[in-house]
Amino acid sequence: MKTSFFRFTVFFLAPFFILTLFFPGVSKAQSRDYLTDEEIELVRNSQEIDKRIDVLIKAIDRRMAVLTNQNWQPSKKEADKWGELPSGSKSELLWDISRILQKAIDDIDDLVSRQGIDDKVLGSDRKDELDDETSRIIKTNKKNFAAAVHNLADASQRYLPTFENLLKTTTDKKEQGLIYGATESCNMIIEASAKVDKPESDKKKKNKGN
């Protein structure tokens with residue numbers, strides 16, 4: 001049985017199934033890729049969990065900039081790396097954000113399911129036999145787990161006021177449902193982050209070593 005760090009993921013997913021049944025527009029949004037080609041490549045190249053989560057956070061930030069009509073354009077260097085800003089209707093961009101949040105949750109849960117996280121964090125005494133490849137991935141990611149969780153939680157804190165404002169300005173049921181779902185996801189991430197000690201900064205580590 002897969003161990004889940006985010007214990008309430010199933011309740012977060014439920015609104016998506018409801019929306020798909022009752023709102024065809026959301027089902028249509030599902031057919032689109034929620035990451036651009038450039039973003040997919042950046043995610044693929046980010047093996048360490050904290051770096052991968054940072055890429056997903058940046059992908060959400062880009063969509064938030066479009067949704068809130070910020071007059072922000074990436075520099076040429078950033079555009080070469082990330083591509084053009086994502087486009088789409090409000091519902092499509094909200095769907096992207098919801099799915100990117102879910103991917104971040106899934107990626108962290110996947111790492112936890114490999115039992116690569118300290119048992120004190122998981123609250124579990126189960127020890128799995130790990131193959132060499134899994135052990136390598138765990139060794140690479142374990143030290144970055146706390147950073148990934150807290151970076152995602154900090155971003156979620158930033159997103160909540162924007163979701164609240166977006167909810168006030170829309171009467172579209174599809175959009176409202178997606179905003180509610182993303183809000184619940186953010187709240188779940190923030191709550192789960194309380195289980196993990198914040199990582200020490202490099203400066204603190206250096207001072208402690210002196």
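A residue is called buried when its relative accessible area is under 20%, exposed when that area is over 50%, and partly exposed in between (1.4 Å probe, protein chains only). By that rule Phe 163 is buried, because its relative accessibility is 1%.

This is a predicted model, in which local features need pLDDT of at least 70 and side-chain atom pairs count only at pLDDT 80 or more, while totals for chains, interfaces and linings use all residues. Residues are numbered from 1 along each chain as its sequence is written, and side-chain values use heavy atoms, with hydrogens and water left out.

Start with confidence. pLDDT is the predictor's confidence in each residue, from 0 to 100. Its mean over the chain is 77, and 67% of the residues reach 70 or more. Residues 8-22 stay under 50. The model gives that stretch 27 contacts beyond four places in sequence, a contact being heavy atoms within 4.5 Å. Residues 118-127 are also below 50, with 18 contacts beyond near neighbours in sequence.

Now the overall build. The chain has 11 helices and zero strands. Here helices (H or I, at least four residues) and strands (E, at least two) are DSSP runs, numbered from the N terminus. Of the 210 residues, 45% are buried. Among contacts with a separation of 6 or more, 76% join residues 24 or more positions apart.

Helix α4 covers residues 49-67. From first C-alpha to last, its 19 residues reach 27 Å, close to the 27 Å expected at 1.5 Å a residue. The expected span is 1.5 Å times one less than the number of residues. In α4, 14 of the 19 residues are buried, so the helix is largely enclosed by the rest of the structure. Asn 69 follows α4 and has a positive phi, near 55°.

Look inside α4 at Arg 62. This arginine counts as buried, at 1% relative accessibility. What lies 2.8 Å from a polar atom of the Arg 62 side chain? The backbone oxygen of Glu 84 does. Setting aside neighbours within four places in sequence, Arg 62 touches Glu 39, Trp 72, Trp 82, Gly 83, Glu 84, Leu 85 and Pro 86.

Helix α6 (residues 90-113) holds Ile 105. Ile 105 is buried, at 0% relative accessibility. Ile 53 is 52 residues away in sequence, yet the two C-alpha atoms are 9.2 Å apart.

Move on to helix α9, residues 145-168. A search of the whole structure finds one aromatic pair. Tyr 159 and Phe 163 form the pair: their ring centres are 6.4 Å apart and their planes meet at 55°, so the pair is tilted. Rings of Phe, Tyr and Trp (its six-membered ring) pair if their centres lie within 6.5 Å; planes under 30 degrees apart count as stacked, over 60 as edge-to-face and the rest as tilted. Both residues sit in α9, four residues apart, about one turn of the helix. An α-helix has 3.6 residues a turn, so residues three or four places apart point the same way. Tyr 159 is buried too, at 2% relative accessibility.

Finish with helix α10, residues 173-193. The end C-alpha atoms are 30 Å apart, which agrees with the 30 Å that its 21 residues should span. Of those 21 residues, 15 are buried, so α10 is largely enclosed by the rest of the structure. Which residue caps the N-terminal end of α10? Asp 172 does, with a side-chain oxygen 2.9 Å from the backbone nitrogen of Lys 174.

Methods: A polar contact is a pair of N or O atoms within 3.5 Å; within protein, one must be able to donate a hydrogen and the other to accept it, and residues adjacent in sequence count only if both atoms are side-chain atoms.
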